[in-house]
Amino acid sequence: MTGKEIYRFDEESVKDIVRWALTAQLPEEAYLGSEHITDVREFVKMSIRDINLHYPDPLYNTAIIGLYELKEFVEKVTG
C-alpha cells in the first residue's frame, strides 16, 4: 500500500490491518508524517484497543489510519 491509495474501513480490511499489526516485525520507534512514535508496541496496543472498543464509529478511524501509516513506514524502511 502506498500513501496514494485510499484506506479501507470495511470490516475485513480492518481485521487485515489489525492482524498485520499483531504479527509484523515492528521497529521500536517510527515516524508517521510529523508524528514521532517512540514506543511502537504501545502505539499498536492502544490503536487496537480503540478499534476493538469503537469500530465502526468513524470518529475512531484515526486509529485505523495510524496502523495503515505504520505499515507504510515499516515497508518503506525494510524495503
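Guide: Leaving aside its neighbours within four places in sequence, Val44 is in contact with Ala21, Leu26, Leu67 and Leu70, where contact means heavy atoms within 4.5 Å. This is a predicted model, in which local features need pLDDT of at least 70 and side-chain atom pairs count only at pLDDT 80 or more, while totals for chains, interfaces and linings use all residues. Residues are numbered from 1 along each chain as its sequence is written, and side-chain values use heavy atoms, with hydrogens and water left out.

Visitor: Which residues touch the most other members of the largest nonpolar core?

Guide: A nonpolar core is a set of buried Ala, Val, Leu, Ile, Met, Phe, Trp, Tyr and Cys residues joined through side-chain atoms within 4.5 Å, and buried means under 20% relative accessible area, with exposed over 50% and partly exposed in between (1.4 Å probe, protein chains only). The largest such core has 21 residues, of which Leu32, Val44, Ile51, Leu67 and Leu70 touch the most other members. Two or more residues come from each of helix H1 (11-23), strand E1 (30-32), helix H2 (40-54) and helix H3 (61-78), and H3 gives the most, with seven residues. In soluble globular proteins, nonpolar side chains tend to be buried together.

Visitor: What makes the protein chain as compact as a globular protein of its length?

Guide: Its secondary structure comes to three helices and two strands, counted as DSSP runs numbered from the N terminus (helices are H or I, at least four residues; strands are E, at least two). The radius of gyration, taken over C-alpha atoms, is set against the globule rule, which is 2.2 Å times the number of residues to the power 0.38. For the 79 residues of the protein chain the rule gives 12 Å, and the radius of gyration is 12 Å, close to that value, so the chain is as compact as a globular protein of that length.

Visitor: Why does Tyr60 count as partly exposed?

Guide: Tyr60 has 26% relative accessibility, and therefore counts as partly exposed, a class that lies between under 20% and over 50%. Tyr60 lies in the loop between H2 and H3 and touches Asp50 and His54, not counting residues up to four places away in sequence.
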